[in-house]
Every structure is written in C-alpha cells, then in structure tokens.
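Keep the structure open and check each step by eye.

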Amino acid sequence: MKITKVKYYDTKEHRNPKFLACCSVVIDNVLMLNGIRILSGEKGRYIIMPIRKSIKESATLKKNSEDVFHPVKQEYFAYMSEVILKGYEIYEGKGSTVYLP
C-alpha cells in the first residue's frame with residue numbers, strides 16, 4: 001500500500017507549541033485518512049494517529065481515547081512517518097500544501 005498524496009493544513013492558532021501541522025494521507029489513490037498530526041518533541045518530529053475521545057461506562061466515568069485508525073505493522077507506521085515528515089519539510093520550506101511522494 002503506497003502513499004500517493006499527503007495534504008498539510010496550517011495550525012498556527014493551535015494552543016500547543018509542540019503541535020506543528022495536521023495532514024491527510026491518500027493511499028493507492030483510493031483511501032483517504034484524515035487527522036494525522038505532526039508534533040515536535042525532545043527526540044525530533046513525529047506523527048500521531050487521530051484519536052476519538054470517549055467516556056467508557058464505568059463506576060468512575062473515566063475518559064478514554066482510542067485510535068480512529070492505525071497501521072497494524074510497525075514497518076508501515078515507519079513508512080508513513082518517513083513520507084509524512086519528508087513532505088512536511090517541503091511544506092515548511094516552500095509552503096507547498098500537497099506532497100506527491
């Protein structure tokens with residue numbers, strides 16, 4: 001499954017300074033995944049998958065979050081990270097919002 005397009009969204013108004021951008025990824029020109037976030041941490045830039053916040057029914061009504069989607073294989077997550085972060089460097093430098101790997 002090849003990433004065929006990545007589109008980046010501006011996040012200048014976000015309250016968290018570690019939050020750099022949000023993107024959508026198209027896989028094999030047939031599947032679009034929205035809401036992938038790019039953050040900056042102590043060890044560099046990284047991506048996180050979109051999450052859905054929910055309240056599980058329990059005695060404590062504890063709030064939980066779960067991934068909306070995520071790669072099952074670590075190798076594919078690494079591939080996604082590499083493509084998304086490479087495109088982000090172009091987005092950051094040239095201002096191009098679409099990256100076609």
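The exercises below concern a predicted model.

**Exercise 1. Find the salt bridge and state which parts it ties together.**

Step 1. Search the whole structure: one salt bridge turns up.
Step 2. Name the partners. The side chains of E92 and R45 meet, N to O, at 2.9 Å.
Step 3. E92 lies in helix α1 (residues 74-94) and R45 in strand β4 (residues 44-48), so the pair ties together parts 47 residues apart in sequence.
Step 4. Classify E92. Buried means under 20% relative accessible area and exposed means over 50%. E92 has 45% relative accessibility, so it counts as partly exposed.
Step 5. Classify R45. At 36%, R45 also counts as partly exposed.

**Exercise 2. Describe the largest nonpolar core.**

Step 1. Count its members: the core has 21 residues.
Step 2. Pick out the residues that touch the most other members. They are V6, Y8, I36, M80 and I84.
Step 3. Trace the sources. β1 (3-9), β2 (19-27), β3 (31-41) and α1 each supply at least two residues. The largest share, seven residues, comes from α1.
Step 4. Look at I84. Beyond its neighbours within four places in sequence, I84 contacts V6, Y8, C23, V25, I36, I38 and I47.

**Exercise 3. Is β2 largely enclosed or open, and how does β2 pair?**

Step 1. Check burial. Eight of the nine residues of β2 are buried, so the strand is largely enclosed by the rest of the structure.
Step 2. Take β1. It pairs with β2 in the antiparallel sense over six bridges. I3 has I27 of β2 as its bridge partner.
Step 3. Take β3. It pairs with β2, again antiparallel, over seven bridges. Here I27 stands opposite L31.
Step 4. Inspect the hairpin of β2 and β3. Three residues sit between the strands, and D28 takes a positive phi near 55 degrees.

Terms used
Residues are numbered from 1 along each chain as its sequence is written. This is a predicted model: local features need pLDDT of at least 70, side-chain atom pairs count only at pLDDT 80 or more; totals for chains, interfaces and linings use all residues. Side-chain values use heavy atoms; hydrogens and water are left out. A salt bridge is a side-chain nitrogen of Lys or Arg within 4 Å of a carboxyl oxygen of Asp or Glu. Helices (H or I, at least four residues) and strands (E, at least two) are DSSP runs, numbered from the N terminus. Buried means under 20% relative accessible area, exposed over 50%, partly exposed in between (1.4 Å probe, protein chains only). A nonpolar core is a set of buried Ala, Val, Leu, Ile, Met, Phe, Trp, Tyr and Cys residues joined through side-chain atoms within 4.5 Å. Contact means heavy atoms within 4.5 Å. Two strands pair if DSSP finds at least two bridges between them.
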